[in-house]
Amino acid sequence: MTLKPYSRFELAENQLEAAIGLFVSGGDRFSVISLAGAADVILSRLVINRGQENFTELPLKRELECGGADETREAHGKGLNDTLFINQIKHMDDNDDGFIDMEPEECALGAILKALVNYVILAGQQKNIVLAFKAWVRLNLDPKKYNVNCDPNWKPHVEEA
Amino acid sequence: MDYARRVHRELVGYTPKRKSYSHHIDKKLGVIALKHLSKDDPDTVELDLEKQAYDALSQAISDYISLNGQDEPFVKAFLSWAWKNTDGPALMEKFKTVPDKMKPK
């Protein structure tokens with residue numbers, strides 16, 4: 001064995017970069033979710049270790065302020081990961097039937113965006129993968145459905161009846 | 001995994017539990033370090049990326065072949081690469097000396 005030391009951040013950054021590369025080049029969406037999900041587990045912990053709020057805590061705090069249920073960070077994080085099928089893609093239980101109903105495109109995008117928020121908290125907005133992915137978002141996503149310009153006052157477009 | 005547990009039984013004298021042995025192997029392959037981080041884990045981790053990437057792929061391909069055979073192009077490509085780059089003929093000679101009870105069924 002030729003062991004070399006790697007920082008935890010490096011492990012997460014490389015996996016996130018690979019996930020984004022696969023995603024923007026039309027590669028396998030399940031692998032994107034798996035890579036971005038794995039990266040995000042590490043990034044989330046690194047943010048907490050720094051004493052900052054990670055992506056899971058931000059909406060949790062907002063929900064509490066709006067009178068939502070008092071959930072732990074772990075339970076809320078699991079809920080978010082379940083919504084994006086991050087856990088289902090990397091685990092299979094004894095009683096699973098071998099099938100998953102999901103929308104890979106949306107989940108892959110969500111998994112990258114979730115990890116990217118934590119990545120930005122740690123590394124800032126000016127890193128190449130952040131700039132590249134934001135440029136891809138502006139060019140490729142529907143501005144009526146997604147906040148492609150990261151406008152804090154943006155709201156989804158609602159079709160009038 | 002079950003084959004590895006059987007080899008463990010022959011070498012060490014008992015069959016490890018599937019869950020704990022699976023975790024042990026994932027740790028050996030660097031898989032745990034790549035998808036988990038606990039509060040008290042150190043900031044760095046030592047890995048042999050080339051070897052662990054190859055070993056992790058070998059483990060997954062082995063299970064894939066059990067389920068789906070080895071006719072898919074990506075499987076053939078990996079097996080050909082492994083034969084050429086890990087000295088397949090020498091490995092097969094070594095494998096012939098392994099007792100039958102320690103070979104895959």
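Tutor: Two residues are in contact if their C-beta atoms, placed from the backbone, lie within 7 Å. Keep that cut-off in mind for this predicted model.

Student: How many residues of chain B are in contact with chain A?

Tutor: Apply the 7 Å cut-off between the two chains. On the chain A side, 14 residues take part. On the chain B side, the number is 12.

Student: Which element gives the largest share of the side of chain B that touches chain A?

Tutor: Two elements of chain B give two or more residues to this side: α3 (31-35) and β1 (44-47). The largest share is 4 residues, and it comes from β1(B).

Student: How do the residues on that side of chain B divide into nonpolar, polar and charged?

Tutor: Tyr counts as nonpolar and Gly as polar here. On the side of chain B that touches chain A, the division is 5 nonpolar, 2 polar and 5 charged.

Student: In what sense do β1 of chain A and β1(B) pair?

Tutor: Strand β1 of chain A covers residues 4-7. It pairs with β1(B) over 4 bridges. The sense is antiparallel.

Student: Which residue in β1(B) does Tyr6(A) stand opposite?

Tutor: Look at the pairing of β1 of chain A with β1(B). Opposite Tyr6(A) stands Val45(B).

Student: Now chain A. Is α1(A) roughly parallel or antiparallel to α2(A)?

Tutor: Helix α1 (residues 8-24) and helix α2 (residues 29-49) of chain A have axes 8 Å apart. They pack at an angle of about 150 degrees. Angles over 145 count as roughly antiparallel. So α1(A) and α2(A) are roughly antiparallel.

Student: Is the crossing of these helices left-handed or right-handed?

Tutor: Take α1(A) as it passes α2(A). The crossing is left-handed.

Student: How many residues of the contact of α1(A) with α2(A) are nonpolar?

Tutor: From α1(A), the residues include Phe9(A), Leu16(A) and Phe23(A). From α2(A), they include Val32(A), Ile42(A) and Leu46(A). The contact also holds 2 polar residues and 1 charged. The nonpolar number is 16.

Student: What is the order of elements in chain B from the N terminus on?

Tutor: Chain B has 6 helices and 1 strand. The order is α-α-α-β-α-α-α.

Student: Where is confidence lowest in chain B?

Tutor: Chain B averages a pLDDT of 94, and 100% of the residues score at least 70. Confidence is highest in helix α5 (residues 73-85) of chain B, at 98. The lowest mean, 90, belongs to helix α1 (residues 2-12) of chain B.

Note on methods
Residues numbered from 1 in each chain as written. Chains lettered and ligands numbered in written order. Predicted model: local features only at pLDDT ≥ 70, side-chain atom pairs only at ≥ 80, totals over all residues. Pairing = 2+ DSSP bridges. Axes fitted to C-alpha atoms, helices over the stretch in contact; angles between N-to-C directions. Parallel < 35°, antiparallel > 145°, perpendicular 65-115°, else oblique. Left-handed = near helix turned anticlockwise from the far one by under 90°. pLDDT = per-residue confidence, 0-100.
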